[in-house]
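Hi,

Here is the structure I promised to pass on. Could you load it and read my notes alongside?

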Amino acid sequence: MVETSVGDNSPLPAEKLPECWNQEERMSALFSPFRSKSANPQDWISKYKFWNDLIYEWLKHTMQCSFSVVDLSEAFRRKGCRPLCLVTVIEELLRNNEIIQETDFFKEPCETWTAWSIDVFVKKPISWSFSKVKSYVVGPNTSNTEIRYIYLRIVQELGDVILSIAETKKDTALYSLPEITEYCNGKTKKQISENTVRLVLQWLRRRRRVTFKKSSNPNSELLVKISTQAASEVTLVEEGMYKLLQQESRLSKEIELMEQEKLNIVNEAKSYLAKELRQMAKTRLRRKMELERTIEKRAQALANLRTLITNIEDAHSNSAVLSAYKTGSDVLKKMGQDGLTEYDVKDVMDDINEALEENKEIDSILSETLTNADSETELENELAELLKDEDEDAASLPAVPPVLETNKLEVEELERRLKDLCVEGLVSPGRNVAAVSPRKKKVLEGSEGS
């Protein structure tokens, strides 16, 4: 496998070229015409993807949206050889709706974006298929290589760059074509032609994000209205405000240049004085005085312009505030018509207070203890009868006989005396009575005998 270095006529920088660009065998296969897709589908798809990516990278690098087969053949020339497969690549790009013909792109926009999309991406491919079948029958048309196409992906990317101008203002803005081109060059750090910018603006116009303003004067510049939302027609107020801002910018630059010229004149006068050329120094100082008078006039005109611009901006703001007031007034009137009046509100509040009072009374009633007066009376009567029966039973019991009462007292006296004996330690549990002294034994026997 032979490798060669990237030449001066390379379509892209070395770091952006595919790795196989220096491989002779691989590039010979890629430069050759496409074979039948049914024979080797994977190879066909891989080859198409290679050229699709390469064309996109070349257009993005050169900042172009429009191209033809001739442009591609010349750009991708390698060692004097041109790729012979580009017609098939273009046909596939058309079929996939990645590109459209420039003639279709510049047609007047339909009423809606959807209608234009259907016309370009549905109707045109059908007619293109019919033309393709006709070319197979009648013969190829050599002029197809000169047809120019628009790569939509590049258009969309540049369209986002242009729309970013208005994002900082969050509102509608007017710009000239050179101003937009200069902004895009600074944003992308690349050189973009005005023709490319026109193509992108045409696409944004179809998306209703851009409108154009061209006066009847053929020498007047094209004004472009860019909006973050749907763009409306350019009004006379907007056009007048744009002209005032442009005049303000020109006056500021003129004053800046005259101030710089005045400084240069002062330096020249000093140099003439150093050379003792007093007359030349006086001449330069006269020019300095003239410049100062001119600068003063320009400064006064600039101040007047800025005052006028400020008043217009304030009037626009006041108009917006007044419109908001009118809207609020209409809303309040509409609410009054719907029954929202002072008396209606008072009636509703009275009804609410009445309902709250009733609810409070209901809660108070529900929180009381539930009792049954009849049941309580019956229970009290029954308890009184039970107590009466107990008293009668106690009165009916017979009295205790005197003999039984005397015996009961004797038993209690004996128990008390025995208890006293145990407490004094005369007899302990398990002790023999014989061990007791005769006197104590006599006392015990006397107690038992009694």
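**The three-stranded sheet**

Three strands make an open sheet in the order β4-β6-β5, and the pairing is antiparallel. At its edges are β4 (173-176) and β5 (210-213), each of which pairs on one side only. From one strand to the next the twist averages 30 degrees. Two strands count as paired if DSSP finds at least two bridges between them; β5 and β6 (residues 223-226) have four, in the antiparallel sense. Lys213 has Leu223 in β6 as its bridge partner. In general, strands of a sheet pair through backbone hydrogen bonds, either parallel or antiparallel.

Before you go further: this is a predicted model, where local features need pLDDT of at least 70 and side-chain atom pairs count only at pLDDT 80 or more, while totals for chains, interfaces and linings use all residues. Residues are numbered from 1 along each chain as its sequence is written, and side-chain values use heavy atoms, with hydrogens and water left out.

Helices and strands are DSSP runs numbered from the N terminus (helices: H or I, at least four residues; strands: E, at least two). Helix α10 (residues 236-274) lies across β4, β5 and β6, at about 55 degrees to β4. That angle is between N-to-C directions, on a scale from 0 to 180 degrees, with axes fitted as lines to C-alpha atoms, for helices over the stretch in contact.

Ser176 sits in β4. Its relative accessibility is 4%, so Ser176 counts as buried (buried is under 20% relative accessible area, exposed over 50%, partly exposed in between, with a 1.4 Å probe and protein chains only). Apart from neighbours within four places in sequence, Ser176 is in contact (heavy atoms within 4.5 Å) with Glu221, Leu222 and Tyr242.

**Salt bridges**

The rule is a side-chain nitrogen of Lys or Arg within 4 Å of a carboxyl oxygen of Asp or Glu, and the count comes to 18.

- Glu238 and Lys225 have their closest N and O atoms 3.1 Å apart. Glu238 is partly exposed at 25%, whereas Lys225 is buried at 2%.
- Glu248 and Arg306 meet at 3.0 Å, N to O. They join α10 to helix α11 (residues 278-337), 58 residues apart. Glu248 counts as buried at 18%, and Arg306 as partly exposed at 41%.
- Glu259 and Lys262 have a closest N to O distance of 3.5 Å. Both are in α10, three residues apart, about one turn of the helix.
- Glu24, Arg78 and Lys79 are linked in a network.

**Elsewhere in the chain**

Helix α4 (residues 86-95) is mostly covered, with seven of its ten residues buried; among them are Leu86, Val89 and Ile90. After α4 comes Asn97, with a positive phi near 60 degrees.

On the surface, Val345, Val348, Met349, Ile352 and Leu356 form a nonpolar patch with about 430 Å² of accessible area together. Ile352, in helix α12 (residues 342-366), is partly exposed at 41%. Patch members have over 30% relative accessible area and no salt bridge; nonpolar side chains (Val, Leu, Ile, Met, Phe, Trp, Tyr) are joined within 5 Å, like charges within 9 Å. Areas come from the Shrake-Rupley method with a 1.4 Å probe, and for residues only the protein chains shown count as cover.

Overall, the protein chain has 15 helices and six strands, and 26% of its 450 residues count as buried.

Cheers
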